[in-house]
Amino acid sequence: MKYEIKNGWTDASEELKKAVYDFSVGYVDFLNKGKTERECVDAAVELAEAAGFKPLSSFAGLKAGDKVYAVNKHKGFAAAVIGKKPMTEGIGIVGSHIDSPRLDLKQNPLYEADEMAFLKTHYYGGIKKYQWTAIPLAIHGVIVKQNGETLKIALGDEGDDVTFVITDLLPHLGNSQMSKPAHSFIEGENLNVLVGSMPLGGSEDDKKFKANILRLLEEKYAIDEEDFTSAELEIVPAFKAKDLGLDRSMIGAYGHDDRVCSYPNLRALLDAEAPEYTALCLLTDKEEVGSMGNTGAKSRFLELVILELLSRTGSSADALSLNRCLDRSLCLSADVSAAYDPNFASVYEKNNSGRMNCGIAVSKYTGSRGKGGSNDAPAELMAKVRKIFNEAGVLWHTAELGKVDEGGGGTIAQFVADLGVDTIDCGVPMLSMHSPFEVAGKMDVYQCYKAFSAFFDRK
Ligand code: MN
Ligand code: MN
């Protein structure tokens, strides 16, 4: 068979176009609800419950067709549909991540300087710092008060009555700034969010501008300054996800990476009916900083969920059953790839690049500088995956991230593979990845959904 990279819009039937557009409506809604990992978990739980899924802990026993979900410390999520085969014959896992690059507030963030009030940040994940200045910003996250009460914050988005910004230097005074390398002309320590410029009237405080912000926070949320120390507040772009292009063939949004795989993953799982193999959707946190900690892909959460499922499906929940299950399981590690961009053609090798509108991009291996840090999937697994995709009419192509020695990257695949699971990377090719406004092709989002559905339904 000739290997061809094909644009999915070419010869697309009206029926396919409608399916693509309809699917993207749900995805845009998910993006607008989930700008942080915690918000994505809340959105996933809402969708799962609407689809008849119940908390795993509420079941004493499980049988084929049962639908369950579990939450990992507010930041991770798993859902499963129990298959007809015993889990010790293996399961099908699609894993993706719901954290995105952003700026986190420091634990003591609020200060004033020269009659303005600012919040200090520490960036999270791989960003180009200059992209975060002079754009409208929102604050999303939680403040957990000493008494355990959790306040959810979402302030500054498009449509709200206020927003926030990190200032940049005017070009008129930018001569020395503009001669610096791009990685240093905006310093990380200068990513300070402007939040106020009015003093607290009648105050004896020598920091009246800071005091005024604290007064407003007290009025609005009943919090004090020390409450910031037990908060997780994320500075994210204020934009809403939007159709992009006159032809509406793309979606521009903050946080496509990796909600653009997480939503199709979740949707495919929620739509799975009585699969042969137990199907499991895993949404993880901390991928952008290395997948560590108890909510990242390196955590024991996946093993715990599988053990909880084993113990309820008639298998013994012991180390042998767990390891048999993992050893015989397959995983699609679903994360974005770089789409070939003609404006930066020199860093790509076109025959082996992700291509927008050409369907799900499958990466047998990832990594950089001689596949360092790669999960290199076995050829046998690649054969199984292309058979599943081809038989289901999924549009797919192979991809690696840029030219050899140009850079590279990796995701959660290696951590799932470490458990014994045959794992391969795949996902949506993306333009402007890791920027505040990333671009995905609608065709590819839908093809991901088709791909994951076919994978969950494999015989
Ligand atoms: Mn990613
Ligand atoms: Mn990323």
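User: Which residues make the manganese ion (ligand 2) a coordinated ion?

Analyst: In this predicted model, Asp257 (OD), Glu288 (OE), Glu288 (OE) and His434 (NE2) coordinate the manganese ion (ligand 2), at 2.1 to 2.6 Å. Donors must be N, O or S atoms within 2.8 Å of the metal, so these distances, 2.1 to 2.6 Å, qualify. Along the sequence, the donor residues follow the spacing D-x30-E-x145-H.

User: What makes Asp257 and Glu288 a tie between separate parts of the chain?

Analyst: Asp257 belongs to helix 5 (residues 256–270), while Glu288 is in the loop between strand 13 (279–284) and helix 6 (301–312), so the pair joins parts that are 31 residues apart in sequence.

User: Why are Asp257 and Glu288 called buried?

Analyst: The cut-off is a relative accessible area under 20%. Asp257 has 3%, so Asp257 is buried. Glu288 has 12%, so Glu288 is buried too.

User: Which residues coordinate the manganese ion (ligand 1), and how are they spaced in sequence?

Analyst: The donors to the manganese ion (ligand 1) are His97 (NE2), Asp257 (OD), Asp335 (OD) and Asp335 (OD), at 2.1 to 2.4 Å. That range is within the 2.8 Å limit, so the atoms count as donors. The spacing of the donor residues is H-x159-D-x77-D. His97 is in strand 4 (residues 92–97) and Asp257 in helix 5, so this pair ties together parts that are 160 residues apart in sequence. With a relative accessible area of 0%, against a cut-off of under 20%, His97 is buried.

User: Why is the pair of Tyr27 and Tyr263 called tilted?

Analyst: The ring centres of Tyr27 and Tyr263 are 5.8 Å apart, and the planes stand at 35°. Tyr27 is in helix 1 (residues 14–33) and Tyr263 in helix 5, 236 residues apart. Both Tyr27 and Tyr263 are buried.

User: How do you know that Phe30 and Tyr263 are also a tilted pair?

Analyst: Phe30 and Tyr263 lie 5.3 Å centre to centre, with 40° between the planes. The distance is within 6.5 Å and the angle falls between 30 and 60 degrees, so the pair is tilted. Phe30 lies in helix 1 and Tyr263 in helix 5, so the pair ties together parts that are 233 residues apart in sequence. Phe30 and Tyr263 are buried.

User: Which residues do ring pairs link into a cluster, and how many aromatic pairs does the structure hold?

Analyst: The cluster consists of Phe23, Tyr27, Phe30, Tyr263, Tyr446 and Tyr449. The structure holds 15 aromatic pairs.

User: What makes Arg102 a charge over the ring of Tyr124, and where does Arg458 lie?

Analyst: The charged end of Arg102 is 3.6 Å from the centre of the Tyr124 ring, over which it sits. Arg458 lies over the face of Phe455, at 5.9 Å from the ring centre. The distance limit is 6 Å, so 3.6 Å for Arg102 and 5.9 Å for Arg458 both meet it.

User: What lines the largest pocket, and which strand gives the largest share?

Analyst: The largest pocket holds about 1,300 Å³ of space. There are 47 lining residues, and Ala338, Leu401, Gly402, Gly408 and Met433 are the closest to its centre. Strand 20 gives the largest share, three residues. By type, the lining has 15 nonpolar, 19 polar and 13 charged residues.

User: How many cavities are counted, and what kinds of residue line the largest cavity?

Analyst: Three cavities of 30 Å³ or more are counted. The largest cavity has about 70 Å³ of space. Its lining includes Asn72, Thr295, Phe301 and Val416. Strand 13 and helix 6 each give two or more residues to the lining of the largest cavity, and strand 13 gives the largest share, three residues. The lining divides into seven nonpolar and five polar residues, with no charged ones.

Notes: Residues numbered from 1 in each chain as written. Chains lettered and ligands numbered in written order. Predicted model: local features only at pLDDT ≥ 70, side-chain atom pairs only at ≥ 80, totals over all residues. Heavy atoms only, no water. Donors = N, O, S within 2.8 Å, 3.2 Å for Na, K, Ca; no water. Helix = DSSP H or I, 4+ residues; strand = E, 2+ residues; numbered from the N terminus. Buried < 20%, exposed > 50% of the residue type's maximum accessible area, 1.4 Å probe, protein only. Phe/Tyr/Trp six-rings, centres within 6.5 Å; stacked < 30°, edge-to-face > 60°. Lys NZ or Arg CZ within 6 Å of the ring centre and 35° of its normal. 1 Å grid on protein atoms, 1.4 Å probe; cavity = no way out; pocket = protein on both sides within 12 Å on 5 of 7 lines; lining within 4 Å. Points joined across faces, edges and corners; volume = space filled by probe spheres on them. Nonpolar A, V, L, I, M, F, W, Y, C, P; charged D, E, K, R; others polar.
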